[in-house]
Amino acid sequence: MKNMSILARDKNQLTYIYSSKSHLGKQVLGYIQGIDKKFEAIDISNEKIGDTIWIELCEQLNMPFKKLLSIEDDNFGDSENFHAEDWLKILNNKPELLQKPIAVLGKEVKQIQHRSDILTFFGVDSAGLEKKQSGENPTTSSTTEDERFI
């Protein structure tokens with residue numbers, strides 16, 4: 001297993017952190033691969049992420065480790081008293097507990113709850129599109145600031 005110590009932050013490249021043992025993680029990876037944009041996929045089942053990165057991600061998501069991981073099916077006892085170090089050990093030993101992947105694009109960080117959530121990073125929605133009369137071509141370029149179109 002490789003060890004990744006630094007997480008690249010690029011507004012032009014999506015970093016996708018997932019476990020290949022997660023059904024949602026694999027589905028969202030398919031979405032990303034189908035979009036013609038630059039991305040880096042990190043499968044934590046094969047590549048270890050540094051503890052500092054995990055702590056930073058939790059802080060940016062404003063989410064404790066307990067909420068980041070799916071621990072309902074595992075018996076961890078009294079997890080209320082676990083510290084970050086405890087959660088990091090669990091995550092490193094059981095990467096499949098990351099059932100909801102994480103996407104990073106520049107300063108934006110989001111835990112993906114549903115397959116379509118990843119599309120918000122690529123601006124795939126109808127925001128900024130004007131309604132046209134029947135027979136007129138739709139506007140498919142940015143009409144407001146900070147929009148991202150495929």
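I take rings of Phe, Tyr and Trp (for Trp, its six-membered ring) as a pair if their centres lie within 6.5 Å, and I call planes under 30 degrees apart stacked. Worth noting at once: this is a predicted model.

**Aromatic pairs.** By that rule I get 2 aromatic pairs. One of them, Tyr16 with Tyr18, is stacked, at 5.0 Å centre to centre and with 20° between the planes. I then looked up how accessible these two tyrosines are. Tyr16 has 0% relative accessibility and counts as buried; Tyr18 is buried too, with a relative accessible area of 8%.

**The sheet.** Next I traced the strands. I find an open sheet of 4 strands in the order E3-E2-E5-E6, with mixed pairing. E3 (39-43) and E6 (108-111) are its edge strands, each pairing on one side only. On average, neighbouring strands here are turned by 15° against each other, direction ignored. I also checked E5 (residues 102-105) against E6: they pair in the antiparallel sense over 4 bridges. Val104 has Val109 in E6 as its bridge partner.

**Helices on the sheet.** H1 (residues 23-34) lies across E2 (14-18) and E3, and I read its direction as about 160° to E2. H2 lies across E2, E5 and E6, and runs at about 90° to E6.

**A closer look at H2.** Which residues of helix H2 (residues 51-61) are buried? I list Ile53, Trp54, Leu57, Cys58 and Leu61. They cover an arc of only 135° around the axis, so they sit on the same side of H2. Thr52 and Glu59 are exposed, on the face turned away from the buried side.

Last, I went through the nonpolar side chains. In soluble globular proteins, nonpolar side chains tend to be buried together. The largest nonpolar core here has 24 residues, and Ile17, Trp54, Leu57, Leu68, Leu98 and Ile102 touch the most other members. H2, H3 (65-68), H4 (84-93) and E5 are the elements that give two or more residues to this core. H2 supplies the largest share, 5 residues. I followed the contacts of Ile17, leaving out residues up to four places away in sequence: Ile17 touches Leu7, Ile42, Ile44, Ile49, Trp54, Leu57, Leu98, Pro101 and Ile102. Another core, of 15 residues, lies apart from the largest one, and I note Leu14, Tyr18, Ile32 and Leu105 among its members.

How values were computed. Residues numbered from 1 in each chain as written. Predicted model: local features only at pLDDT ≥ 70, side-chain atom pairs only at ≥ 80, totals over all residues. Heavy atoms only, no water. Buried < 20%, exposed > 50% of the residue type's maximum accessible area, 1.4 Å probe, protein only. Arc of directions from axis to C-beta. Phe/Tyr/Trp six-rings, centres within 6.5 Å; stacked < 30°, edge-to-face > 60°. Pairing = 2+ DSSP bridges. Axes fitted to C-alpha atoms, helices over the stretch in contact; angles between N-to-C directions. Contact = heavy atoms within 4.5 Å. Core = buried A, V, L, I, M, F, W, Y, C linked by side-chain atoms within 4.5 Å.
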